[in-house]
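Subject: Handing over the structure

Hi,

Here is the structure I promised you. Please have a look at it first, and then read on for what I found.

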Amino acid sequence: MTRRNILKRWVLFGLLGGLSYPLFSFWKEERYRPPIKKRVSKWLKPGEFLIEPEFLLLMAEDGPIAISRKCTHLGCRVNFLKEKGEFLCPCHQSRFTKDGKYISGPAKKDLKRYKVKALKDKKGFIIYMPR
Ligand code: FES
């Protein structure tokens, strides 16, 4: 094999690699990103709730639920209206029930729920928020 043939092969491999990269560049391995753990050092009785900047923690009859305060329309932070017992988005007035179910407005989906773990001896909760 001559030096010229070896060089041609390397140029050919380089061209094939360069041309095929855009075809496979989207095929990346998903990296696992662990959720953000937020600790709440307060116990709630049934019916009580706690408002945090990222979520509302509510003690329902069947256990604690954490509802995201990020609107499912364009991502504004929803406010909780205590007197009505529902969420209202200040951006385009989407409304959601106390447990995050969609009522009206341009956001057509329910608010997201986060996984909640109750700590032993009623010391509080850990909320797992995806990144
Ligand atoms: S961002 Fe909430 S309704 Fe548009």
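**The chain as a whole**

Please keep in mind that this is a predicted model. The chain holds one helix and 10 strands, and the order of elements from the N terminus is α-β-β-β-β-β-β-β-β-β-β.

The C-alpha trace spans about 85 × 40 × 20 Å along its principal axes. Buried residues account for 16% of the 131 residues. As for contacts, if you take those between residues at least 6 apart in sequence, 36% of them join residues at least 24 apart.

Six strands make an open sheet in the order 1-10-9-4-3-2, and their pairing is antiparallel. Which strands stand at its edges? They are strand 1 (36-40) and strand 2; each has a single partner strand, so one side of each is left without a neighbour in the sheet. On average, neighbouring strands here are turned by 25° against each other, direction ignored.

- Strand 2 (residues 49-51) is joined to strand 3 (residues 55-60) by three bridges, and the two run antiparallel. They form a hairpin with three residues between them. Ile51 has Leu56 in strand 3 as its bridge partner.
- Strand 3 pairs with strand 4 (residues 63-68) over six bridges, again in the antiparallel sense. This is a hairpin too, with two residues joining the strands. Within the pair, Leu58 stands opposite Ile65, and Ala60 has Gly63 as its bridge partner.
- Strand 4 and strand 9 run antiparallel and are joined by two bridges. Here Ala66 stands opposite Tyr114 of strand 9.
- Strand 9 (residues 113-118) and strand 10 (residues 125-129) pair over four bridges in the antiparallel sense. Val116 has Ile127 in strand 10 as its bridge partner.

Another open sheet is built from four strands in the order 5-6-7-8, with antiparallel pairing. Strand 5 (79-81) and strand 8 (102-104) are its edges; each has a single partner strand, so one side of each is left without a neighbour in the sheet. The twist from one strand to the next averages 35°. Strand 7 (residues 95-97) and strand 8 pair antiparallel over two bridges, and Phe96 stands opposite Tyr102 in strand 8.

In soluble globular proteins, nonpolar side chains tend to be buried together. In this model, the largest nonpolar core has 15 residues, and those touching the most other members are Phe55, Leu56, Leu57, Ala66, Ile67, Val78 and Ile127. Which elements give two or more residues to this core? Strand 3, strand 4 and strand 10 do. The largest share, four residues, comes from strand 3.

Leaving out residues up to four places away in sequence, Phe55 touches Ala66, Ile67, Ser68, Arg69, Tyr114 and Ile127. Several names come back from the sheet: Ala66 is the residue opposite Tyr114, while Ile127 is the bridge partner of Val116. Leu56, which is listed among the core residues with the most contacts to other members, is the partner of Ile51.

Finally, Lys115. This residue is found in strand 9. Is Lys115 buried or partly exposed? Lys115 has 13 other C-beta atoms within 10 Å, so it counts as partly exposed; being buried would take 20 or more, and being exposed 12 or fewer. Between Lys115 and Phe87 there is a separation of 28 residues in sequence and of 20 Å in space, C-alpha to C-alpha.

That is what I have for now. Enjoy looking through it!

Best wishes

Technical notes:
Residues are numbered from 1 along each chain as its sequence is written. This is a predicted model: local features need pLDDT of at least 70, side-chain atom pairs count only at pLDDT 80 or more; totals for chains, interfaces and linings use all residues. Two strands pair if DSSP finds at least two bridges between them. Axes are lines fitted to C-alpha atoms, for helices over the stretch in contact, and angles run from 0 to 180 degrees between N-to-C directions. A nonpolar core is a set of buried Ala, Val, Leu, Ile, Met, Phe, Trp, Tyr and Cys residues joined through C-beta atoms within 7 Å. Two residues are in contact if their C-beta atoms, placed from the backbone, lie within 7 Å.
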